[in-house]
Amino acid sequence: MNDGTKRILVIGDSDQPVSEWAEDARWNQELARAEDAVDAFETLRRMDSVELIVIANDETGELPAKLYRRAGEILETPPDIVVFANDPAAVSTSGIPPFAIDIIPVNTAAAFVRLRIDRLLATRRQRRKLEYRIEKLDGRLERADVVLVETLMRCTAYKDDEFGRHVQRINEYSSLMARLLGMPASYCETIGLASMLHDIGKVSVPDAILQKPGKLDPEEWEVVKQHCTEGASILGDPGDSTLLNMTLRVILCHHEKWDGTGYPAGLSARDIPLEGRIVALADVFDALTTDLPYKKAWGIELATSYIRTQSGMHFDPELVSLFIEHIDKFVAIKTRLADILVEEEVADRR
């Protein structure tokens, strides 16, 4: 992983909002410029790493694919690409993963340019962190498990930054609950990873529904409820992988309720797999205490009180008791991850 400096290569005339963005002092960046594709290839050879290539105006639509391919040959890790184009539909993205490119109309306001590039770089940072985790886990987990985490990286890129932070908190809450139950270390590690894909099916739900600021109507709610079965379809056949099978149970069961009123199968009590019951509580706690498009974050005391009222209804009573008894540990996780986020944002503004 690099030192946090964003090494950025800007290609072409930067009279577009690129100029204002590139000179913005809040970026912790190392900026290089190239006049054209030939100059860009030479510049790439002199740079040990590049986080982002910004193409100020692509007239032909062919440059992004060529640059991404060439950068992959020269650099250890290919950069993400931002293209400013008069005709975004004409830009070729062949061979570029969809999470690694953003195509922006040339007349886009500078404020929106900064927002989109900021989001692209934040997503890249999340992917790199997960790649680092894969390196550590690769020697201990089956290859299928590594593919699972790679899938998570691809899916996270399609959602906003908060989505990535949400799954990280769910990972730690779920692992903690398993430890409090006295589960083996292997189970605690596995449920942490499996929990990160609990909402993978939401990639099939339109953003207009997920980001709606008000209450969903009945038709929209039915669409949202499909994300469990959609997620199972995305995961596919888990084979004999311990992690993938647990992940499938989490995806299908994290909206089941202890009293049988949940979805999609209406399971109840201990017919709901333990990992489904754990992630259900972790997911609700995080949702209650986080700002969402349709609500402000609740305080810890209010959220804890609500979860207590749902013991034996929504949640496993044993899990609620453990959660209440050790609420300080869950709050500590939330605080620590929030502090890390603040540190990253401060670094980005330097």
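Tutor: Two strands count as a pair if DSSP finds at least two bridges between them. The model here is predicted.

Student: Over how many bridges do β4 and strand β5 pair?
Tutor: Two bridges would be enough to call them a pair. Strand β5 covers residues 101-105 and runs parallel to β4. Val-82 has Asp-102 of β5 opposite it. The bridges between β4 and β5 number five.

Student: Which strand do four bridges join to β3?
Tutor: β3 spans residues 52-55. Leu-52 has Asp-80 as its bridge partner, and Ile-53 stands opposite Ile-81. The two strands run parallel, and the partner of β3 is β4.

Student: Which residues of β3 are buried on each side?
Tutor: Buried means under 20% relative accessible area. Both faces of β3 are covered. One side has Leu-52 and Val-54; the other has Ile-53 and Ile-55.

Student: Why is β4 largely enclosed by the rest of the structure?
Tutor: Take β4 one face at a time. Asp-80, Val-82 and Phe-84 are buried on one side. Ile-81, Val-83 and Ala-85 are buried on the other. β4 is therefore largely enclosed, as its buried residues number six of six.

Student: Which residues of α2 are exposed?
Tutor: Start with the buried ones in helix α2, residues 37-46: Ala-40, Phe-41, Thr-43 and Leu-44. Their arc around the axis is only 165°, so they lie on the same side of α2. Exposed means over 50% relative accessible area. On the other side of α2, the exposed residues are Val-38 and Arg-46.

Student: What arc do the buried residues of α13 cover around the axis?
Tutor: Helix α13 runs over residues 300-309, and its buried residues are Ala-303, Thr-304 and Ile-307. They sit on the same side of α13 because they cover an arc of only 100°.

Student: Which residues touch the most other members of the largest nonpolar core?
Tutor: Nonpolar side chains tend to be buried together in soluble globular proteins. The largest nonpolar core here has 31 residues. Leaving out residues up to four places away in sequence, Ile-307 touches Leu-281, Phe-285, Leu-288, Phe-315, Val-320 and Phe-323. The residues with the most touching members are Ile-307, Phe-323 and Phe-330.

Student: How many residues are in the second, separate core?
Tutor: Ala-32, Ala-71, Ile-81 and Phe-99 are among its members. Ile-81 is also a buried residue of β4. The count for this second core is 24 residues.

Student: How many disulfides are there?
Tutor: A disulfide needs two cysteine sulfur atoms within 2.5 Å. For Cys-253, the nearest cysteine sulfur is that of Cys-228, at 8.5 Å. Cys-253 is buried, with a relative accessible area of 8%. The count of disulfides is zero.

Student: What percentage of the 350 residues count as buried?
Tutor: The chain has 15 helices and five strands. Its accessible surface is about 16,700 Å², with 52% belonging to carbon and sulfur atoms. Of the 350 residues, the buried part is 49%.

Note on methods:
Residues numbered from 1 in each chain as written. Predicted model: local features only at pLDDT ≥ 70, side-chain atom pairs only at ≥ 80, totals over all residues. Heavy atoms only, no water. Buried < 20%, exposed > 50% of the residue type's maximum accessible area, 1.4 Å probe, protein only. Arc of directions from axis to C-beta. Core = buried A, V, L, I, M, F, W, Y, C linked by side-chain atoms within 4.5 Å. Contact = heavy atoms within 4.5 Å. Areas by Shrake-Rupley, 256 points an atom, 1.4 Å probe, with all protein chains shown as cover.
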